[in-house]
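Please open the sequence and the model side by side before reading on.

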Amino acid sequence: MFQVRAAGLDMERVGEIADDLSAPDLDDPIHVWWGGKRWIVIDGHHRLEAHRLAQERGGEARKVAVKAHPTMPLEEALGAASLLNAREKVTITREERGDAAWRLVCCGTGSIKEQAAWSGAGKSQISIMRGVFDRLQAKGTPREILIDQGWDWSRALDQGKIKGEFHPDMIEVQAQEWAKKLGRAMGGQRLAESPEVLARALQIISPALPSGLIQTDTFWEALDSDGRAMLAEHDKELEEDGIEHF
């Protein structure tokens with residue numbers, strides 16, 4: 001949610017940063033927000049990954065400046081993330097910029113003027129998005145689906161270009177669609193045989209994704225007894241060590 005680029009981290013940019021971590025513009029702290037269960041990076045995803053890469057190369061632990069936001073409401077965190085991420089030297093596509101503005105609209109974050117400033121979209125575009133959001137909400141379309149599907153899809157739904165009436169099982173429909181795409185691209189058996197590679201790939205897409213998956217009901221229900229026992233043992237070890245589990 002806090003990463004503007006749909007493709008996640010730009011590993012080429014990460015490599016460039018890791019090659020010269022002494023650059024003046026890299027002194028800015030990485031901003032993290034307390035989401036209730038864990039700390040979440042809202043700005044500095046590429047810099048954080050670059051420090052991790054440099055640590056792997058050098059074999060020594062690195063100290064990274066961090067600015068924490070423990071009490072900031074989600075709406076303010078989204079606005080802050082959009083504003084802070086605008087400084088990143090990565091290419092943002094039209095679709096990604098539109099989706100960033102759409103997320104702010106869906107979450108009710110800020111005024112029209114603020115949403116335009118944070119996302120880089122025009123005020124007239126924000127007004128259009130607000131109208132689309134209000135109409136789709138009136139039809140019972142869940143906010144989570146609108147955020148996940150993005151602006152282009154939501155606008156097409158509002159215009160009646162997406163055939164078929166929306167229903168509460170849209171998450172399952174979307175999951176089936178994604179499963180087909182992953183199966184065609186990678187092969188289901190190949191993914192099942194390489195869980196470590198898949199886990200790392202998901203982490204590259206978004207460092208917060210693996211943790212987010214573990215916290216979903218779907219993931220927990222899919223675990224067998226061995227998987228649940230492993231997580232329970234891990235939680236127990238953290239408690240014994242006096243470490244809070246996020």
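A word on the ground rules comes before the tour. This is a predicted model, so local features need pLDDT of at least 70 and side-chain atom pairs count only at pLDDT 80 or more, while totals for chains, interfaces and linings use all residues. Residues are numbered from 1 along each chain as its sequence is written, and side-chain values use heavy atoms, with hydrogens and water left out.

Let us begin with confidence. The score used here is pLDDT, the predictor's confidence in each residue, from 0 to 100. Its mean over the protein is 77, and 78% of the residues reach 70 or more. Confidence is lowest in helix α3 (residues 74–85), with a mean of 67, and highest in helix α6 (residues 123–138), with 94.

Now for the overall build. The secondary structure comes to 14 helices and 3 strands; helices (H or I, at least four residues) and strands (E, at least two) are DSSP runs, numbered from the N terminus. Of the 246 residues, 33% count as buried. Here buried means under 20% relative accessible area, exposed means over 50%, and partly exposed lies in between (1.4 Å probe, protein chains only). The protein exposes about 15400 Å², and carbon and sulfur atoms supply 54% of that area; accessible areas come from the Shrake-Rupley method with a 1.4 Å probe, and for residues only the protein chains shown count as cover. Contacts, meaning heavy atoms within 4.5 Å, can be sorted by sequence separation. Among those between residues at least 6 apart in sequence, 62% join residues at least 24 apart.

Start the walk at helix α1 (residues 11–19). Arg13, Val14, Gly15, Ile17 and Ala18 are buried there, and what covers the buried residues of α1 includes α2 (45–58).

Next come two paired strands. Strand β1 (residues 30–34) and β2 run antiparallel and are joined by 4 bridges; two strands pair if DSSP finds at least two bridges between them. Together β1 and β2 form a hairpin with 4 residues between them, and glycine 36 in the turn has a positive phi of about 105°. Across the pair, tryptophan 34 stands opposite tryptophan 39 in β2. Why is strand β2 described as largely enclosed by the rest of the structure? The reason is that 4 of the 5 residues of β2 (residues 39–43) are buried.

Further along, look for glycine 98 in helix α4 (residues 94–107). Glycine 98 is buried, with a relative accessible area of 12%. Not counting residues up to four places away in sequence, glycine 98 touches Met129 and Trp151. Glycine 98 and glutamine 125 are 27 residues apart in sequence and 9.1 Å apart in space, C-alpha to C-alpha.

How many salt bridges does the structure hold? There are 4, where a salt bridge is a side-chain nitrogen of Lys or Arg within 4 Å of a carboxyl oxygen of Asp or Glu. One of them joins the side chains of glutamate 49 and arginine 200 (3.6 Å, N to O). This pair links distant parts of the chain: glutamate 49 is in helix α2 and arginine 200 in helix α11 (residues 195–205), 151 residues apart. Glutamate 49 is buried, at a relative accessible area of 7%, whereas arginine 200 is partly exposed at 33%.

Another salt bridge is formed by the side chains of arginine 135 and aspartate 158 (2.9 Å, N to O). Here too distant parts of the chain are linked, with arginine 135 in helix α6 and aspartate 158 in helix α8 (residues 151–158), 23 residues apart. Arginine 135 counts as partly exposed at 42% relative accessibility, and aspartate 158 counts as buried at 17%.

Within helix α8, aspartate 152 and arginine 155 lie 3 residues apart, about one turn of the helix. Their side chains meet in a salt bridge (3.1 Å, N to O). Aspartate 152 is partly exposed, with a relative accessible area of 26%, and arginine 155 is partly exposed, with 30%. Elsewhere, salt bridges that share partners join Glu49, Arg52 and Arg200 into one network.
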